[in-house]
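I am opening a notebook on a structure that is new to me. My entries follow in the order in which I looked things up.

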Amino acid sequence: MCGILGVVAHSPANQLLYDGLLMLQHRGQDAAGIVTAQGNSFHMHKGLGMVRDVFRTRNMRALPGRMGIGQVRYPATGSSNSPAEAQPFYVNSPFGIVLSHNGNLTNADVLNQELFLADRRHVNTRSDSEVLLNVLAHELQERTTGYQLDPAEIFSAVAGVHERCQGAYAVTAMIAGYGLLAFRDPYGIRPLVFGTIETNAGTEYMVASESVALDILGFRLIRDVAPGEAIFIDMDGRFYSQQCAPQSSLNPCIFEYVYLARPDSMLDGISVYETRLNMGINLADKISTDMRHLDIDVVIPIPESSRPSAMQLANRLGISLREGFVKNRYVGRTFIMPGQQLRRKSVRQKLNAIEMEFRGKNVLLVDDSIIRGTTSREIVQMAREAGAAKIYFASAAPPVRFPNVYGIDMPTRQELIATNRTNEEVCREIGADYLIYQDMDALKQAVAQANPQVANFETSCFDGYYIAGNVTQEYLGRIESQRNNLELLRNQRATQLDLTLSSVD
Ligand SMILES: O=P(O)(O)OC[C@H]1O[C@H](OP(=O)(O)OP(=O)(O)O)[C@H](O)[C@@H]1O
Ligand SMILES: NC(=O)CC[C@H](N)C(=O)O
Ligand SMILES: [Mg+2]
């Protein structure tokens, strides 16, 4: 996942974009970028790091104009976190287009070939987002005549993107001299919302991955961009929208509700917070039957994302909820960090146990999910060291056993702790005395209950069913070996760095 943003304002857009990206920081910590448009010119600044690290005052001053897009990046699937892959991407023809993408194209390699051989376009990075931009550019080139561009031609180009691209994509883009374009894949896998604010000069628009960016900046949420739909806001603030896919259906990624999104966001008419409360209730009901033989003294959440579920779970069970772990607020989210060495070290830096909450007690630790097991392994050990009598572990999501190919960085089966392991084996692996997972139906019910109009979800990491694109075993094998090579390189670099540092010492 990544966070994407687009703004059409009546005053300089740079600060709105910066502030909006800060609100989406939890969706990507590796790179950040903003492009603004003034007249026919784009102004871009992007780089590796968090929003606060990438943008200095001088960079902000160099982003003039009242319209812009931005992205916070979390590299997924086959790509790496090199500076060249930071977004937005730019292509000069036709018109000049910039684009930010959240998701992953499962046919990026085939498209890359097509772009080179048939469309005569060169893609300079390994990023599927640069492929996506070039497909959009080619389709726009093919479907326009002359220099004048109207919304119908733009929507026709998006229809062309839908025909060629497979996988997940939520996009914000700008066409130089024309306006801001945003669209979502026909399965509606990754989220995208838009809203407005009324100013003396007229209506301003914001498009964002999550509604939290709109809330904080005073924009009113209008609605989600529909699956397959595109919206376009021209330089004069005129709004256009059109369904661009012949067939579309809403299948939001269920993992957004489990972990990715902020709880104060509304996605596809669903309150993320409410779904997490429901997950807590459903899990509590399973605990009441399956763990009746076990005596639980306290429920302890694993900060940050599990908090609402743990609170509701404890409430339902009538057991007190205690804050057993203190989170260092200056350490980011560990699951979306690159490289296992860094992730493991960061869990230790991020969370510390308060001994008095553990000593001599039977504790039920609650997390939103167990993916690689990095957090749970460390946390269980910390709880033991703090003197817990028994350590029970509850996951508000079912076991994650399958790679995600739609923008979440879990591409290899062997890195997922639950792959080829029974629940008892995972329990032993993390060192707990008992482990309980949410059931799949209970998770779906927890999310659907918050908006009965949404019945279908993208659930591949739990059940291995890939809704969009032709996801073959061959493809999964390929991204797996790409990832293994990348991880090998990362570990070699980390070891080299350690050696260099120790020789300096
Ligand atoms: O099994 P793992 O591979 O460790 O992944 C699961 C953990 O990672 C996430 O936490 P993270 O620290 O990323 O963010 P949070 O502060 O939002 O909980 C998630 O909330 C789990 O705690
Ligand atoms: N996590 C994402 O959404 C990734 C976006 C895009 N595929 C990239 O690698 O930059
Ligand atoms: Mg967590």
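**Entry: helix 4 and helix 5.** I began with a pair of helices. Helix 4 and helix 5 pack with their axes 10 Å apart, at an angle of about 45°. I take helices (H or I, at least four residues) and strands (E, at least two) as DSSP runs, numbered from the N terminus. Axes are lines fitted to C-alpha atoms, for helices over the stretch in contact, and angles run from 0 to 180 degrees between N-to-C directions. The angle makes helix 4 oblique to helix 5. Under 35 degrees counts as roughly parallel, over 145 as roughly antiparallel, 65 to 115 as roughly perpendicular and the rest as oblique.

Helix 4 crosses helix 5 in a left-handed way. A crossing is left-handed if the near helix is turned anticlockwise from the far one by less than a right angle, and right-handed if clockwise. Helix 4 contributes Ala108, Leu111, Asn112 and Leu115 to the contact, and helix 5 contributes Asp128, Val131, Asn134, Val135 and His138. Residues are in contact if their C-beta atoms, placed from the backbone, lie within 7 Å. By class, this contact has five nonpolar, three polar and one charged residues. Ala, Val, Leu, Ile, Met, Phe, Trp, Tyr, Cys and Pro count as nonpolar, Asp, Glu, Lys and Arg as charged, and the others, Gly among them, as polar.

**Entry: what I am looking at.** The model is predicted: local features need pLDDT of at least 70, side-chain atom pairs count only at pLDDT 80 or more, and totals for chains, interfaces and linings use all residues. Residues are numbered from 1 along each chain as its sequence is written, while chains are lettered from A and ligands numbered from 1 in the order in which they are written.

**Entry: helix 5 and helix 6.** I followed helix 5 (residues 128–143) to its other partner, helix 6 (residues 151–164). Their axes come within 8 Å and cross at roughly 130°. Helix 5 and helix 6 are therefore oblique to each other. Their crossing is right-handed. Val135, Leu136, Glu139, Leu140 and Arg143 of helix 5 meet Glu153, Ser156, Ala157, Gly160, Val161 and Arg164 of helix 6. I counted five nonpolar, two polar and four charged residues in this contact.

Entry: Most residues other than glycine have a negative phi, and most peptide bonds are trans. I looked for exceptions. Arg120 is not a glycine, yet has a positive phi of about 55°. Arg120 sits in the loop between helix 4 and helix 5. Ser93 and Pro94 are joined by a cis peptide bond, omega about -5°. Pro94 is in the loop between strand 5 and strand 6. The bond from Pro303 to Glu304 is also cis, with omega near 15°. Glu304 lies in the loop between strand 16 and helix 10.

**Entry: ligand 1.** Which residues come nearest to ligand 1? Of the 19 around it, they are Glu304, Arg333, Phe335, Arg372 and Thr375. A residue is near if its C-beta atom, placed from the backbone, lies within 6 Å. Helix 12 (residues 374–385) gives the largest share of the shell, three residues. The shell has seven nonpolar, seven polar and five charged residues.

**Entry: domains.** I found domain 1 (3–245), domain 2 (257–469) and domain 3 (472–505). These bounds come from an automatic or database domain assignment. In contact are 27 residues of domain 1 and 23 residues of domain 2.

Notes:
Two residues are in contact if their C-beta atoms, placed from the backbone, lie within 7 Å.
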